[in-house]
Amino acid sequence: MDGRHKKILQSNRSMLVQQLDPSKLYDGLLSKGVFTQDMIDEIQSAGTRRDQARQLVRDLETRGSRAFPAFLECLQESGQGHLADALQKGVKIQPPPPVPVQPVPIPVLKYPDGNKEIPDRGDIPYHQDRPTHSPDNENYMTTSYPSQKDELDPKPQGRPRSNSLQVYKMDHNPCGHCLIINNVDFERQSGLNNRTGSDIDCDRLEKRFKAFNFVVTVKRNLKSKQIRQELTALSKKDHSSYDCCVVVILSHGSEASHCRFPGAVHGVDGPIVAVQNITNYLNGQNCPTLQGKPKLFFIQACGGDEKDTGFEVSEGFGPSSGGLDDQTDAMPMSSSSDLLSLTDEVDARASLPTPSDILVSYSTFPGYVSWRDTAAGSWYVETLDNILAQNAKDEDLVTMLMMVTDKVSQISAKGIYKQMPGSFNFLRKRLFFQILP
């Protein structure tokens with residue numbers, strides 16, 4: 001896209017996100033060749049209308065020289081000509097004028113003699129033990145008021161204990177679906193190496209989630225389009241009779257800017273699928289039968305190409321060493337349309353809905369590589385499987401993931417490089433897995 005047109009879109013991004021109705025543009029943009037059907041599907045999976053509008057504008061900036069005039073034509077054809085007119089003039093779209101707020105008169109309390117008055121302000125407490133008369137005027141005040149604190153908080157409540165937290169219902173048989181995507185053999189044109197050792201990770205997690213009473217489906221060597229298709233199929237299932245849903249992705253990864261969850265994973269053909277888009281397939285809007293139920297995502301992939309050499313610690317910490325055949329699942333930072341510009345930051349933060357009941361567990365800190373032993377599998381999956389096997393009977397998921405972080409942080413690749421797993425946790429309750437006998 002021409003730089004001038006891109007600048008117009010960027011300067012008007014916030015207002016476009018507020019006012020644009022993307023659903024009226026999809027057919028036109030598709031027929032004019034601006035977007036492919038796959039791109040339209042990905043934009044629609046972004047979530048709310050605002051999220052779709054934001055994704056559409058970002059993707060539009062990556063298209064060719066005809067994209068901007070075609071976008072203006074689609075706006076005119078869809079009844080959104082005011083946006084097209086403003087963009088065509090190259091001026092910033094003005095937000096609608098604010099609704100005027102009528103001033104609210106402050107009620108007053110009058111003294112008994114009727115000569116004086118004071119405002120009835122909530123920030124001026126009248127305590128019950130305040131004198132109701134004065135030596136100078138015995139009718140100084142004839143009414144007493146309880147303090148605001150006495151009304152709202154008569155008895156301080158104790159801090160809730162951790163065991164008072166609610167627990168997710170996890171007793172259906174089976175408990176839910178678990179989709180494992182295991183990308184091992186990458187196509188030559190992708191420029192990515194094969195992921196030797198990933199089958200070991202896949203076998204471990206397949207057995208583990210079957211032991212937790214999940215219906216496990218394994219898909220191997222998926223292209224980026226196929227990853228999206230599998231997630232779409234999972235989102236269209238009826239999860240009414242299940243308690244939970246799990247997605248595991250074992251692949252190469254890269255760093256990508258984001259407005260929810262960082263990182264992206266590669267299909268075996270090379271293109272990426274952003275983690276934030278992966279989670280959107282199962283959110284409350286796109287998968288209503290999972291509303292209020294935990295959606296768990298486990299990502300074994302690099303968050304970037306930076307290697308962590310760690311720092312020195314005192315004696316007795318006891319770090320262990322990884323194998324000589326350790327490899328990374330890294331790719332450089334993505335330059336795809338998943339990246340956000342600085343002009344989108346404020347609006348993105350202000351408009352995000354709460355991603356409730358979602359937990360994304362990453363094998364490594366965003367921006368850093370994730371290590372995999374070609375003979376034993378990845379550090380993260382091996383440790384995760386061991387921790388789940390040893391502790392799932394007594395501990396909740398979040399506690400076990402902290403154990404995983406601690407264990408993996410003590411491993412070293414070639415005696416030098418470190419790794420730190422982590423989670424983006426938006427679960428509202430504690431989660432305990434079923435343990436089959």
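## The chain as a whole

Of the 437 residues in this protein chain, 45% are buried. Keep in mind as you explore that this is a predicted model.

Now look at contacts between residues with a separation of 6 or more: 77% of them link residues 24 or more positions apart.

## A six-stranded sheet

In what order do its strands lie? The order is S4-S3-S5-S9-S12-S16, and these six strands form an open sheet with mixed pairing. Strand S4 (214-220) and strand S16 (422-425) each have a single partner strand, so they stand at the edges, with one side of each left without a neighbour in the sheet. From one strand to the next, the twist averages 10 degrees.

Strands of a sheet pair through backbone hydrogen bonds, and the pairing can be parallel or antiparallel.

Find strand S3, residues 176-182.

S3 pairs with S4 in the parallel sense, over seven bridges, and Ile 181 stands opposite Lys 219 of S4. To get from S3 to S4, the chain passes through helix H9 (residues 198-211), making a right-handed β-α-β crossover. S3 also pairs with S5 in the parallel sense, over seven bridges. Here Ile 181 turns up again, with Ile 249 as its bridge partner in S5.

## Strands S12 and S16

Where does the antiparallel sense come in? Strand S12 (residues 358-362) and S16 run antiparallel, joined by four bridges. To see this pair in the model, look for Val 360, which stands opposite Phe 424 in S16.

## Helices lying across the sheet

Helix H10 (residues 224-236) lies across S3, S4 and strand S5 (244-250). Its direction is at about 180 degrees to S3.

Helix H13 (residues 379-391) lies across S5, strand S9 (295-300) and S12. What angle does H13 make with S9? H13 runs at about 135 degrees to S9.

Definitions and conventions:
Residues numbered from 1 in each chain as written. Predicted model: local features only at pLDDT ≥ 70, side-chain atom pairs only at ≥ 80, totals over all residues. Heavy atoms only, no water. Buried < 20%, exposed > 50% of the residue type's maximum accessible area, 1.4 Å probe, protein only. Contact = heavy atoms within 4.5 Å. Pairing = 2+ DSSP bridges. Helix = DSSP H or I, 4+ residues; strand = E, 2+ residues; numbered from the N terminus. Axes fitted to C-alpha atoms, helices over the stretch in contact; angles between N-to-C directions. Right-handed = clockwise from strand over helix to strand, strands pointing away.
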